[in-house]
Amino acid sequence: MRQEKIVGILLVVAFIGTAGHGAWAQDASRKVLVAYAGLISTHTSVWLAEDQGFYRKHGLDVTSVFISSGSVTSQALIAGEAKLASTSVGPTAGAVSGGADLVILAGTIHILPYQFWVLPQVRQPADLKGKRVAISTFGSGSHLAAEVALQSLGLEPVRDKIAIMQVGTQPDRVAALASGRIDATPLEPGYWCMSNTMVEKK
C-alpha cells in the first residue's frame, strides 16, 4: 500500500505540472477526467489518488474513468475526452507514431505485467498452432504482450495460423478461456486465483 501511495503522489505531481499550462492554468479547479486502461493493479494509482483525496488536496477536481483498453484510451486522449491517462506504452507510442500529439509524463513500471495463460491441453508451444489467442483490442498492451509471448515461444501468428481475437477486458478473456472459446490469453498476475479456479472447473 505504501508503494501505491507513493505512485499516487507522483501522479498528482505530474498532474499539477500539466495543470500549470494552457487552459488548466486559467481554471485548475475545473473537473478533469483521467482515464485508466484496465482493471489491473498497475493502474491502481489513478483511483487510489482519487479515493485518498490527493487530487483535491492540490486543487484538482479529478474523476477517474475505466476504459476497456490502451488503444481506446489513446483515442479518448486524442479526442480530448480525457486529459490524462494511465495506459500502456505500446498504444501510446503507436498513436504518436501515427501523428497524435500525446506525451508520456511518467512511467510506473518497466515490464509487461502479464502472464500467458493457456488451456490445460496446451502442453507445449506447438499445441498453440491453429489455435485462438485473445486480447482486449488491437494495438493494446495485451496485444503487445500476446505478440511477445508467441515470439518467445517460437511461434508466428500468420505462419502458424494462430488467430488473434479481440475479446475485451480481463474478466471477458477469463470467461472466454474458461468456456473454451479461446485457447490462450495474456492476463495480469493478479488474476491468477480466479483464472486458475475457472479453468479447472471447465
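**Close-up views of a predicted model**

View 1. Val148 sits in helix α7, which spans residues 141-152; helices here are DSSP runs of H or I with at least four residues, strands are runs of E with at least two, and both are numbered from the N terminus. This is a predicted model, where local features need pLDDT of at least 70 and side-chain atom pairs count only at pLDDT 80 or more, while totals for chains, interfaces and linings use all residues. Residues are numbered from 1 along each chain as its sequence is written, and side-chain values use heavy atoms, leaving out hydrogens and water. With a relative accessible area of 38%, Val148 is partly exposed (buried means under 20%, exposed over 50%, partly exposed in between, with a 1.4 Å probe and protein chains only). Together with Leu112 and Leu144, Val148 makes a nonpolar surface patch of about 220 Å² (patch residues have over 30% relative accessible area and no salt bridge; nonpolar side chains, namely Val, Leu, Ile, Met, Phe, Trp and Tyr, are joined within 5 Å, and like charges within 9 Å).

**View 2. Ser140, in the loop between β5 and α7.** Ser140 is buried, at 2% relative accessible area. A polar atom of its side chain lies 2.6 Å from the backbone oxygen of Thr137, and a polar contact of 3.0 Å joins the side chains of Ser140 and Ser142 (a pair of N or O atoms within 3.5 Å, one able to donate a hydrogen and the other to accept it; residues adjacent in sequence count only if both atoms are side-chain atoms). Neighbours within four places in sequence aside, Ser140 is in contact with Ser69, Gly70, Ser71 and Pro91 (heavy atoms within 4.5 Å).

**View 3. The buried side of helix α6.** Pro91, Thr92 and Ala95 are the buried residues of α6, residues 89-97. They cover an arc of only 100° around the axis, so they lie on the same side of α6 (the arc is taken from the directions from the helix axis to the C-beta atoms). These buried residues pack against α5 and α7, whereas Val89 and Ser97 are exposed on the other side.

**View 4. Arg132 and Asp183, joined by a salt bridge.** Their side chains meet at 3.1 Å, N to O (a side-chain nitrogen of Lys or Arg within 4 Å of a carboxyl oxygen of Asp or Glu). Arg132 lies in strand β5 and Asp183 in the loop between α8 and β7, so the pair ties together parts 51 residues apart in sequence. Arg132 is partly exposed at 31% relative accessibility, while Asp183 is buried at 6%.

Notes
Accessible areas come from the Shrake-Rupley method with a 1.4 Å probe; for residues, only the protein chains shown count as cover.
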